[in-house]
Amino acid sequence: MNAQTGFQTSDKTSARERLVVIGNGMAGCRAVEEILALEPDRYAITIFGAEPRVNYNRIMLSPVLAGEKSFDEIVINGEDWYAENAIKLVAGDPVVHIDREAQQVVSRGGVIESYDKLLIATGSDPFVIPVPGKDLDGVVTFRDLDDVETMLEAANTSSKAVVIGGGLLGLEAAHGLSLRGMEVSVLHLMPTLMERQLDEAAGYLLKSELEGRGMEILTGADTGEIIERDGRVGGVKLKDGTQIEADLVVMAVGIRPNGTLAKASGVEVERGIVVDDNMVTSDPNILAVGECVQHRGECYGLVAPLWDMCRTLAAGLVASPKPYEGSVTSTKLKVSGVDLFSAGDFSGGEDCEDIVMRDASRGIYKRVVVKDDKVIGAVLYGDTADGNWYFDLLKKEEDVSEIREALIFGQAFASGGVTLDPKAAVAALSDDAEICGCNGVSKSQVVGCIQEGANSVDAVRSTCKASASCGSCTDLVESLLALTLGDEVEESAQTMCGCTSFGHDDVRKAIVERGYKSIPEVMQEMHWSTPDGCSKCRPALNYYLLCAWPGEYVDDQKSRFVNERLHANIQKDGTYSVVPRMWGGVTNPRELRAIADVTEKFGARMVKVTGGQRLDIFGIKKEDLPAVWADLNAAGMVSGHAYGKSLRTVKTCVGSEWCRFGTQDSTGLGIKLEQMSWGSWMPHKFKMAVSGCPRNCAEATIKDFGVICVESGYEIHIGGNGGIKVRVTDLIDRVETEEEALELSAAFIQLYREDAWYLERTAPWVERKGLEWVKSQLFDDPATVPALAERFRYSQSFMQDDPWAQRAAGARHDLHSHVGSISAGPPEDGAIIAVEPAE
Amino acid sequence: MSATTPDWVSICAATSIEPGMAGTVPVEGADEIAIFHTIGGEFYALVNKCPHKGGPLSQGIVHGDNVSCPLHNWRISLTSGEALGEDEGCTPTIPLKVEDELIWLDRTAILAGQKV
């Protein structure tokens with residue numbers, strides 16, 4: 001250290017103005033290059049650098065780590081450059097003091113240099129999360145060549161690395177270490193990798209790709225501490241208690257502009273060193289460029305803005321000012337084999353239009369955001385060939401209304417001039433052009449089957465199979481239908497929602513047959529036209545996945561309607577109602593006392609007997625829900641799921657135990673039915689009832705599943721509804737024992753769970769499928785009922801865990817608490833002053 | 001942006017609201033504020049009240065830059081507060097910024113919505 005690699009100034013430079021540059025990195029040297037290009041003899045230049053080496057390309061450290069480049073290859077300016085331009089380099093000796101009065105800087109090694117103009121280009125510092133163990137040996141950041149060398153050393157001697165941070169830098173570090181043979185785990189705080197640059201869909205693709213390369217990616221991972229082992233780093237412990245072993249921990253969670261030196265000398269610093277449009281700081285003789293500056297409120301961590309700043313700086317110093325107006329940035333990930341591009345604003349918003357194209361078979365996702373006929377953002381994954389074209393359109397703010405229809409297909413297609421109308425483009429295709437890649441169907445085959453009578457997308461799918469697999473050619477098939485038939489095209493079958501061209505059945509089938517396991521996966525593989533779905537498809541997909549993969553799929557809370565998220569029913573005033581389960585409608589003094597106590601304790605305004613034979617407590621605030629549940633749990637009660645697309649109630653009459661007409665123990669059977677099926681999620685709400693005789697006091701013939709007890713056994717009814725459109729049940733079987741009734745109930749519920757569309761009650765489902773279909777599904781093969789019932793019981797083995805008890809014990813506390821509050825200030829000014837962030 | 005200079009107050013850490021969800025901030029003497037975190041990663045703040053029947057928007061499903069009100073499924077734009085589609089109405093938006101990993105709201109705008 002402190003090795004002074006000085007290149008002596010020659011005599012002829014002594015008369016020049018003196019420019020001192022603090023920072024020998026990309027920004028500092030680039031600024032000098034720009035100045036030299038405009039007026040080589042203007043300044044006598046001295047550059048101070050903290051690192052003991054010449055100017056190198058910091059953004060190429062990733063390829064060095066990955067072994068794709070050597071250090072020599074990433075040097076921008078070697079020693080000869082400093083010599084040729086008579087620049088004095090003080091390397092490995094950082095400036096520690098700026099004396100603005102005397103216009104001098106002082107280095108740690110005691111070098112004093114006077115300046116006429118001072119340029120600060122101190123860059124940024126890696127942000128180290130303040131957790132215990134952060135200073136242990138083996139914990140590094142990823143900022144300079146020393147860090148890379150430490151990492152390479154670790155890769156030679158040990159095997160396990162943890163990278164904290166799944167952003168651009170973290171993933172590049174992970175990739176490099178993985179190529180160097182280390183087992184790498186990436187811990188990312190947010191649910192989506194690179195969430196600043198990618199949306200959920202592209203983040204999902206990236207995660208799958210990296211996992212496929214053997215990396216372990218943990219999202220939502222909040223680091224609690226770094227664990228010590230034998231005096232150095234041994235692993236990472238997450239806040240949820242998970243431990244991950246590690247011989248090396250790389251912190252790559254972000255960077256902070258380095259304004260320390262500037263601030264200490266009294267130059268204005270906010271998040272970064274504040275500069276005007278000419279890169280001048282609050283001191284007119286001090287300028288700043290690069291990652292250390294804050295310009296118009298923005299700090300940049302990418303390289304492109306730096307070039308723009310340096311150009312402005314040089315113009316201002318030696319020629320006429322050329323103001324810097326901020327930069328629009330784009331990002332490419334430097335991980336070989338991963339094509340990823342993002343630019344501009346793709347968060348969507350008012351008047352923004354999302355154009356999305358997905359090609360699952362090639363792993364491609366493209367999204368372009370258009371606002372006021374201009375491209376304002378783009379995310380490309382898998383095929384980034386058009387990234388620069390979109391970026392160009394974006395920067396130039398070009399009007400794209402003329403090429404709007406073809407924009408997403410890329411430059412080659414959109415700029416072709418003659419093919420602006422997609423229909424015209426399809427018409428221009430040759431007869432043997434392939435329309436459907438999945439099933440190898442040519443244009444002439446599609447047209448042929450349309451001419452033979454297939455007059456809808458569905459009909460085409462079922463005849464020649466075009467667009468029947470991944471669906472990405474649906475638009476092409478629709479164009480061919482329109483071209484061939486004109487107005488005679490039939491509207492295709494009901495789709496799930498506006499986000500997809502597929503119907504509920506197609507999606508359910510694909511989930512099961514192709515093994516889709518998450519919402520982003522379904523959206524990607526089935527070419528959703530929106531980035532993250534809508535309030536129709538998200539809850540439906542969540543249910544379909546939950547039904548298909550019991551015990552495996554993790555419920556997505558953000559895809560749940562409020563009632564299911566909060567396990568209570570929202571009321572018009574924003575408060576909630578709470579309905580504890582009363583098995584078969586039977587209660588006791590202890591439960592009634594607990595309900596009475598809760599009502600008083602939490603100021604509930606009303607208690608109402610429901611149509612389902614239980615009590616509904618109204619007017620509970622969302623913050624009070626966990627405490628209410630704890631009290632009800634203490635009296636032995638669990639959630640009644642009165643809020644869910646799930647089993648609601650089993651209504652019973654008193655049956656043979658008390659009633660002089662009762663033929664069987666209807667109350668007992670009702671309780672058994674409820675105990676078997678509570679907690680299950682369904683396509684819609686599901687109600688049952690058991691009546692002890694044909695007088696039917698429990699109204700079993702307007703329930704989804706009803707049992708009427710008779711002397712000889714039990715009549716089984718299905719598909720009833722007492723709602724908007726009353727439907728009386730259909731009798732499907734008569735059985736002799738309670739066990740058979742229970743088995744048939746389980747089988748019917750499972751058939752409904754596996755087949756019905758989301759938000760379809762059993763009544764319309766039975767109408768749509770036909771009673772004969774339901775019977776034939778259940779009874780044609782004697783093995784079916786036991787198999788369905790078994791699948792239901794298996795699913796139930798994961799579901800009968802009272803959600804209220806979990807919440808009362810503190811689970812998802814965030815859903816029931818405020819993130820902060822604002823209270824009124826002192827009466828004299830009436831202002832709001834105190835802000836108390838939540839824990 | 002309002003004509004007056006924003007008066008920023010910090011509310012909570014940006015990580016305290018997960019993407020696709022919303023957090024609530026009660027305000028003494030004025031309407032509760034809802035802070036939304038979209039799946040795309042953006043933050044928005046609105047008065048926590050649907051223009052239709054006053055439903056708590058914070059409890060709706062967030063998709064793209066919209067939220068569907070939990071009461072009657074009105075779709076509200078998080079950027080403008082306007083009801084989308086056939087419906088008409090507007091919920092006040094509150095200027096918000098994320099800085100130093102904290103969420104900040106404009107106190108002036110919150111005051112403007114103070115109940116009389």
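# Packing and pairing in a two-chain model

Reader: At what angle do helix H1 (residues 26–38) and helix H8 (residues 303–318) of chain A pack?
Author: About 40°, with the axes of H1(A) and H8(A) 8 Å apart. Axes are lines fitted to C-alpha atoms, for helices over the stretch in contact, and angles run from 0 to 180 degrees between N-to-C directions. Helices (H or I, at least four residues) and strands (E, at least two) are DSSP runs, numbered from the N terminus.

Reader: And where do the model and the numbering come from?
Author: This is a predicted model: local features need pLDDT of at least 70, side-chain atom pairs count only at pLDDT 80 or more, and totals for chains, interfaces and linings use all residues. Residues are numbered from 1 along each chain as its sequence is written, while chains are lettered from A and ligands numbered from 1 in the order in which they are written.

Reader: Back to H1(A) and H8(A). What do we call that arrangement?
Author: H1(A) and H8(A) are therefore oblique to each other. Under 35 degrees counts as roughly parallel, over 145 as roughly antiparallel, 65 to 115 as roughly perpendicular and the rest as oblique.

Reader: Left-handed or right-handed crossing for H1(A) and H8(A)?
Author: Right-handed. A crossing is left-handed if the near helix is turned anticlockwise from the far one by less than a right angle, and right-handed if clockwise.

Reader: Which residues in H1(A) and H8(A) meet?
Author: From H1(A), they include Met26(A), Ala27(A), Ala31(A), Ile35(A) and Leu38(A). Among those they meet in H8(A) are Leu306(A), Trp307(A), Cys310(A), Ala314(A) and Leu317(A). The contact of H1(A) with H8(A) divides into 13 nonpolar, no polar and three charged residues. Ala, Val, Leu, Ile, Met, Phe, Trp, Tyr, Cys and Pro count as nonpolar, Asp, Glu, Lys and Arg as charged, and the others, Gly among them, as polar. Two residues are in contact if their C-beta atoms, placed from the backbone, lie within 7 Å.

Reader: Which strands does H1(A) lie across?
Author: E1, E2 and strand E9 (117–120) of chain A. H1(A) runs at about 170° to E2(A).

Reader: What's the order of that open sheet of five strands in chain A?
Author: E5-E2-E1-E9-E21, with parallel pairing. The edge strands are E5 (88–91) and E21 (286–288) of chain A, each pairing on one side only. Twist averages 20° from one strand to the next. Two strands pair if DSSP finds at least two bridges between them.

Reader: How many bridges join E1(A) to E2(A)?
Author: Six, joining E1 (residues 17–22) and E2 (residues 43–49) of chain A, which run parallel. Arg18(A) stands opposite Ala44(A) in E2(A).

Reader: Another helix pair: H12(A) and H14(A). What angle?
Author: H12 (residues 443–451) and H14 (residues 474–485) of chain A pack at about 55°, with their axes 10 Å apart. That makes H12(A) oblique to H14(A). H12(A) passes H14(A) in a right-handed crossing. By class, their contact has seven nonpolar, two polar and one charged residues.

Reader: Switching to chain B. Why is strand E10(B) described as largely enclosed?
Author: Four of the five residues of E10 (residues 102–106) of chain B are buried, so the rest of the structure largely encloses E10(B). A residue is buried if 20 or more other C-beta atoms lie within 10 Å of its own, exposed if 12 or fewer, and partly exposed in between, with C-beta atoms placed from the backbone.

Reader: How many bridges join strand E1(B) to E10(B)?
Author: Five, antiparallel, with E1 (residues 8–13) of chain B. The bridge partner of Val9(B) in E10(B) is Leu105(B).

Reader: And how many for E9(B) with E10(B)?
Author: Four, also in the antiparallel sense, from E9 (residues 96–99) of chain B. Leu96(B) stands opposite Leu105(B). E9(B) and E10(B) form a hairpin with two residues between them, and Asp100(B) in the turn has a positive phi of about 55°.

Reader: Last one: how many residues of chain A are in contact with chain B?
Author: 37 residues of chain A, in contact with 44 residues of chain B. E39(A) gives the most to the side of chain A that touches chain B, with five residues. That side divides into 16 nonpolar, twelve polar and nine charged.
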